[in-house]
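Hi,

Here is the structure I promised to pass on.

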Amino acid sequence: VQLQAFGGGLVQAGGSLRLSCAASGRTGSSYGMGWFRQAPGKERRFVAAITIGDSTYYAASVKGRFTISRDNGKNTVYLQMNSLNAEDTAVYYCAAEPRRSFYRDDYSYWGQGTQVTVSS
């Protein structure tokens with residue numbers, strides 16, 4: 001499975017961005033997907049995940065502001081990010097097929113990351 005994340009950019013605090021993660025090499029509905037982020041000098045951390053059955057999970061810091069969704073026909077997973085603040089600044093990574101838990105960063109496949117910068 002190859003993953004390509006895109007949609008990052010520079011946005012003002014309070015603004016919105018939508019990240020996309022396009023998967024190739026296997027059908028889009030056959031694995032759970034997750035989004036993680038890594039801020040400068042910090043560990044990579046869980047943001048959101050969506051299961052094969054479309055159940056969703058969120059980190060407490062983004063719940064109510066971010067929404068993960070998927071379009072199986074397009075083999076794409078999205079992360080809609082609203083009410084962004086400076087603490088959301090990070091490189092965002094998409095991942096596919098968690099090995100043990102959606103919350104741990106030990107997924108089988110990873111995209112290359114896309115930078116999100118929120119200016120205050």
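Predicted model: local features only at pLDDT ≥ 70, side-chain atom pairs only at ≥ 80, totals over all residues.

Below is what turned up when I went through it, region by region.

**The disulfide**

I'd begin with the cysteines, as the count comes to one disulfide. The partners are Cys-21 and Cys-94, with their sulfur atoms 2.1 Å apart. As you know, a disulfide is a covalent bond between the sulfur atoms of two cysteines. Cys-21 sits in strand S3 and Cys-94 in strand S9, so the link ties together parts that are 73 residues apart in sequence. Both Cys-21 and Cys-94 are buried.

**The four-stranded sheet**

S3 also belongs to an open sheet of four strands, in the order S1-S3-S8-S7, with antiparallel pairing. At the edges are S1 (2-6) and S7 (66-71), each of which pairs on one side only. Neighbouring strands here are turned by 15° against each other on average, ignoring direction. S1 and S3 (residues 17-24) are joined by five bridges, and Phe-6 stands opposite Ser-20 in S3.

**Strand S4 and its neighbours**

Next comes S4. Five of its six residues are buried, so S4 is largely enclosed by the rest of the structure. S4 is joined to S5 (residues 45-50) by five bridges, and the two run antiparallel. S4 also pairs with S9 in the antiparallel sense, over six bridges. Phe-36 is a handy landmark here: it stands opposite Phe-46 in S5, while its bridge partner in S9 is Tyr-93. The hairpin of S4 and S5 has six residues between the strands, and Gly-41 in that hairpin takes a positive phi near 75°.

**The aromatic cluster**

Phe-36 comes up again when you look at the rings. There are seven aromatic pairs in the structure. One of them is Phe-36 with Tyr-107, an edge-to-face pair at 5.3 Å centre to centre, with 80° between the planes. This pair links distant parts of the chain, since Phe-36 is in S4 (residues 33-38) and Tyr-107 is in S10 (residues 107-110), 71 residues apart. Both Phe-36 and Tyr-107 are buried. Ring pairs join Phe-36, Phe-46, Tyr-57, Phe-102, Tyr-103, Tyr-107 and Trp-110 into a cluster.

Arg-44 lies over the face of Trp-110, at 3.8 Å from the ring centre. The charged end of Arg-44 also sits over the ring of Tyr-93, 5.3 Å from its centre.

**Two loop residues**

Buried or exposed: which is Asp-88? Asp-88 lies in the loop between S8 (76-81) and S9 (90-98), yet it is buried, with a relative accessible area of 1%. Leaving out residues up to four places away in sequence, Asp-88 touches Arg-37, Arg-65, Phe-66, Ser-83, Val-116 and Val-118.

The other loop residue is Ser-30, between S3 and S4. Ser-30 is partly exposed, with a relative accessible area of 29%. Ser-30 and Ala-5 are 25 residues apart in sequence, and their C-alpha atoms are 18 Å apart in space.

Cheers

How values were computed. Residues numbered from 1 in each chain as written. Heavy atoms only, no water. Phe/Tyr/Trp six-rings, centres within 6.5 Å; stacked < 30°, edge-to-face > 60°. Buried < 20%, exposed > 50% of the residue type's maximum accessible area, 1.4 Å probe, protein only. Lys NZ or Arg CZ within 6 Å of the ring centre and 35° of its normal. Pairing = 2+ DSSP bridges. Axes fitted to C-alpha atoms, helices over the stretch in contact; angles between N-to-C directions. Contact = heavy atoms within 4.5 Å. Disulfide = S-S within 2.5 Å.
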